[in-house]
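Colleague: Please take a close look at one part of this model and describe what lies around it. A single connected account will do.

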Amino acid sequence: MLSVIQNRRSIRAFLDKPVSQELVEKILLAGSLAPSSKNRQPWRFIAAAEKKKEELLAAMDRGLERERRSPLLPGSGDHLSGAENTRRIMAQAPVVILVMNPLGLPLDRNLTPEERVYEICNAQSLGAAMENISLAAESLGLGSLWICDTYFAYRELMEWAGGTGELFAALALGYPGEAPPSRPRKPLSEIVEWRGGSKAGVFR
């Protein structure tokens, strides 16, 4: 399993080759097996291909155009060009999966501390599901791209999704058309603080 984690890459170029529903089902099953806070399983998946994917992309286009005129994310305007490139990648991938949170609260809602914790816990669960999906795709010879640029078209994609929950993220899926190198990672010495265990030799 460690080799799958080490070999996984964010894929931004896909082959013009369809992905079978059987493979997509296996990948989404892996997502549904993720751990979740209080076993809430706060996920719903919308797998779009062919004409339905084109509808999704049209909603993304409307959102990007609206964001230029009336931004939902005014402080993130510098990233709009990156979102437009992400849209191009989504168009190339044979399958785009929207990950929805049926328990999510609206973005513009002022949260109480308890609601904020609730959202954080559900976000952890959804992140685990998406990581399972990414790793399952890698193990089956497929590539994926975890996408958060969908928030630039949040309202439009929510409307397209039709009431299945709050939009969490998207994932482009297909056979990889590139083999990018791994990105540099910080060494453990910079990100791990060891505490305790020295007497029993646990960390030796």
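**From a loop to a core**

Modeller: K38 is found in the loop between α2 (21–32) and β1; helices (H or I, at least four residues) and strands (E, at least two) are DSSP runs, numbered from the N terminus. The model is predicted, so local features need pLDDT of at least 70 and side-chain atom pairs count only at pLDDT 80 or more, while totals for chains, interfaces and linings use all residues. Residues are numbered from 1 along each chain as its sequence is written, and side-chain values use heavy atoms, with hydrogens and water left out.

K38 is not a glycine, yet has a positive phi, near 55°. K38 is exposed, at 71% relative accessible area (exposed is over 50%, buried under 20%, partly exposed in between; 1.4 Å probe, protein chains only). E50, in helix α3, also has a positive phi, near 50°, and is exposed at 67%.

Helix α3 (50–69) is among the elements covering the buried residues of α6, which are Y154, E156, L157, M158 and A161. L157 is in contact (heavy atoms within 4.5 Å) with L56, A59, M60, T150 and L167, neighbours within four places in sequence aside. After α6 comes G162, with a positive phi near 75°.

L56, L157 and L167 are among the residues with the most contacts inside the largest nonpolar core, which has 28 residues. Such a core is a set of buried Ala, Val, Leu, Ile, Met, Phe, Trp, Tyr and Cys residues joined through side-chain atoms within 4.5 Å. Helix α3 gives the most to this core, five residues. A second, separate core of 23 residues includes I27, W43, I97 and I133.
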